[in-house]
Amino acid sequence: MERQKDRLLWIGGQYQQGTAGEFFDTLNPADGQVICRVAIAGDEDVERAVNAAEQGLREWRALDGTARGRVLMRTAWLLREHRDELAHLESLDAGKPIAETPEADVDSAADCLEYFAGQASSLQGEYQEVDGGFFYTRPEPLGVCAGIGAWNYPLQIAAWKSAPALAAGNAMIFKPAELTPLSALRLAELFKEAGLPDGVFNVVQGFAETGQALTGHPRIAKVSLTGEVGTGKAVMRSASDSLKAVTLELGGKSPLIVFEDADLDNAVSGALLGNFFTQGQICTNGTRVFVQESVRDAFVEKLLSRTRALRLGNPQDPDTDVGPLISQGHMEHVLSYIEKGREEGGQVLIGGERARVPGCENGHFVEPTVFDGLSDDMTIVREEIFGPVLSLLTFRDEQEVTARANATPFGLAGGVFTRDLDRGHRMAANLDAGIVWINHYNITPIEMPFGGFKQSGIGKENSRRAFEHYTRLKTVYVAKGDVEAPY
Ligand code: NDP
């Protein structure tokens with residue numbers, strides 16, 4: 001593949017060089033080839049982006065919600081118009097199968113823009129008569145917000161952060177993960193084409209240092225991060241210097257629980273979606289699959305036969321189910337967990353090796369892997385792997401599985417498969433997780449609040465709840481009579 005032209009920073013509605021003139025390479029995970037160079041933003045560039053965002057805000061905040069919503073809606077249409085192009089770009093830069101990206105990445109980003117386009121005009125305060133007068137509240141935008149993204153859903157994450165922020169009247173400076181820098185730039189171009197004032201959405205590129213320049217910047221009011229738990233803690237520490245608001249969407253080690261009365265085919269579908277979609281690189285994945293003892297053998301038979309049928313291949317091939325992991329380093333990280341699982345006594349029922357795909361010899365492919373013979377204290381059952389590695393566990397009863405499912409510092413998500421609705425709702429109430437699916441897994445419609453408990457995060461994305469994290473509530477008291485002063 002021929003190397004594409006350099007990508008620059010997007011500041012003030014146009015491409016700009018990085019001040020230091022430094023670049024990094026972005027690679028195609030399927031073959032390790034360089035796609036293009038990308039400019040790195042340093043402190044001065046972040047400063048320029050903040051200035052541009054403040055400038056853009058003047059125009060943006062003066063628009064009413066309906067007018068802001070119109071721009072977001074036009075952007076959504078443009079995304080849909082460019083669906084194939086964006087789906088290919090995401091597949092190229094992130095190694096995601098082209099069978100996934102049109103819907104899971106492009107449509108989900110467009111859905112998000114459409115949803116918040118509709119919500120933009122509905123931001124409203126409250127009014128109440130009180131002693132001596134009345135008060136009302138004003139949900140106001142925070143100002144300049146920073147979004148920092150992970151590499152597994154680059155376009156979707158850029159939309160999930162920018163759409164509610166912009167709908168509420170904020171400006172955003174977005175930093176994509178350095179492994180997947182391309183689609184956020186395309187989103188920026190489409191925002192501009194849709195009529196977004198210059199400076200309201202900016203993209204700065206780079207590594208952790210660029211992220212730190214954002215989290216430490218005194219004129220940035222809020223930071224929303226999607227990333228690892230450790231990064232979340234670092235971001236929160238840095239943001240605390242200027243008491244920035246934070247939204248943190250972090251990692252997980254979620255339980256997927258299959259009771260003996262479940263529809264086993266659906267439960268296996270949930271386990272496959274919750275472990276192997278996007279090569280297992282999904283934060284909410286149900287990587288601890290607890291199966292009730294009496295249906296264990298039947299479940300395993302179905303799981304293995306469907307896992308065996310998964311096709312590893314070039315992500316740009318429409319027949320591919322499982323593409324490469326994001327990078328060489330991440331592949332080694334995942335393989336080291338598989339090794340650790342074996343060392344600690346786990347048995348690999350299927351997979352467990354690096355895969356070689358013809359035509360993609362340098363790609364970072366790992367076979368979908370199912371581990372058996374595990375106990376809850378083993379490393380692969382406790383730690384987030386972020387790859388196609390499913391841990392199979394068995395349980396006897398509801399009380400036992402609830403305690404084991406909750407015995408983790410994470411609390412992102414959970415799934416329950418059962419035909420007993422009372423039990424489904426009881427489990428949902430008892431699981432210590434921000435999102436629980438009953439008889440499904442990993443489905444995230446934009447209308448539904450999304451966010452974790454415990455060390456999996458703070459705050460919610462999507463739904464109207466997201467507005468709470470991109471606004472500040474001002475209270476205004478209005479007196480109806482004279483001021484009675486006792487002196
Ligand atoms: P990282 O935490 O490594 O990186 C996330 C982003 O933060 C990147 O843009 C990264 O830059 C940047 N960054 C790193 N260090 C700092 C810092 N000190 N200050 C500011 N920014 C920083 O996560 P990954 O990209 O590896 O993504 C995988 C992780 O994301 C997994 O743990 C996964 O569970 C989680 N995730 C959570 C989701 C959720 O909604 N809960 C959804 C998707 C993923 P750079 O890339 O250049 O290092």
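Tutor: A residue counts as buried under 20% relative accessible area, as exposed over 50%, and as partly exposed in between (1.4 Å probe, protein chains only). The model is predicted, so local features need pLDDT of at least 70 and side-chain atom pairs pLDDT 80 or more, while totals for chains, interfaces and linings use all residues. Residues are numbered from 1 along each chain as its sequence is written, and side-chain values use heavy atoms, without hydrogens and water.

Serine 463 is buried because its relative accessibility is 3%. Serine 463 occupies the loop between strand S23 (457-458) and helix H15 (465-468); these elements are DSSP runs numbered from the N terminus (helices H or I, at least four residues; strands E, at least two). Although serine 463 is not a glycine, its phi is positive, near 65 degrees.

Glutamine 279 also has a positive phi, of about 60 degrees, without being a glycine. Its loop joins helix H9 (264-276) to strand S13 (288-292). With a relative accessibility of 0%, glutamine 279 is therefore buried.

Turning to the ligand, 29 residues surround it, the closest being Gly149, Glu228, Thr231, Leu250 and Glu384; a residue belongs to this shell if one of its heavy atoms lies within 4 Å. Helix H7 (208-215), strand S10 (222-226) and helix H8 (229-240) each contribute at least two shell residues. Polar contacts are pairs of N or O atoms within 3.5 Å. A side-chain N or O atom of glutamate 384 lies 2.6 Å from a ligand oxygen, and a polar side-chain atom of lysine 175 lies 3.0 Å from a ligand oxygen. For glutamate 178, a polar backbone atom lies 3.1 Å from an oxygen of the ligand.

Technical notes: Polar contact = N/O pair within 3.5 Å; in protein donor to acceptor, adjacent residues only side chain to side chain.
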